[in-house]
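Biologist: I would like to learn how to read the charged side-chain contacts of a protein model, step by step. Could you take me through them with a case in view?

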Amino acid sequence: MTLSKKQISEFNTILSDLHRDLSAQVESGKAATNTVVLDQSKVGRLSRIDAMQQQKMAQSTLRNITSRLQLVNEALAKMNAGDYGFCDECGEVIDPGRLTVQPEAPCCFACQSQQEYHPQS
């Protein structure tokens, strides 16, 4: 079983939209990761510790978004190469249901589960 041309086209649209959205999130998230500067003139100002915690959370979020954007870029490259929808580990077709939930998924559910429960050292 392979993905139909219609499914490939739909996933291409989804991935392209996701790429655009994640790229915008990366751009808007960069400002929140800048060096913490306290504005002492604001009423209800945050303490330095609170501001630093917010900065760390923003950095973590930005790392997660950047990581997902990388997976989307890889999925789009596979789409262009005609390899989209095949598991990177076993080579089998990734279930369309899995791709509907996570269109950038590089592995089928079985291989992903195997990697999570038995990570390579």
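Predicted model: local features only at pLDDT ≥ 70, side-chain atom pairs only at ≥ 80, totals over all residues.

Biologist: How many salt bridges does a search of the whole structure find?

Modeller: The contact to look for is a side-chain nitrogen of Lys or Arg within 4 Å of a carboxyl oxygen of Asp or Glu, and applying that search to the whole structure gives four salt bridges.

Biologist: Which side chain meets R20 at 3.2 Å, N to O, and where do the two residues lie in the helix?

Modeller: The partner is D17; both residues belong to helix α1 (residues 5-30), and because they are three residues apart there, about one helical turn separates them. D17 itself is partly exposed, its relative accessible area being 32%.

Biologist: With which other residue does R20 form a salt bridge?

Modeller: R20 also pairs with D21, where the closest N and O atoms are 3.6 Å apart, and D21 is likewise partly exposed, at 38% relative accessibility.

Biologist: Which parts of the chain does the pair R68 and E104 tie together?

Modeller: The side chains of these two residues meet in a salt bridge at 2.6 Å, N to O. R68 sits in helix α2 (residues 48-81) whereas E104 sits in the loop between α3 (96-101) and α4 (109-117), so the contact ties together parts that are 36 residues apart in sequence.

Biologist: Is E104 buried or exposed?

Modeller: E104 is buried, with a relative accessible area of 4%, while R68 counts as partly exposed at 32%.

Note on methods:
Residues numbered from 1 in each chain as written. Heavy atoms only, no water. Helix = DSSP H or I, 4+ residues; strand = E, 2+ residues; numbered from the N terminus. Buried < 20%, exposed > 50% of the residue type's maximum accessible area, 1.4 Å probe, protein only.
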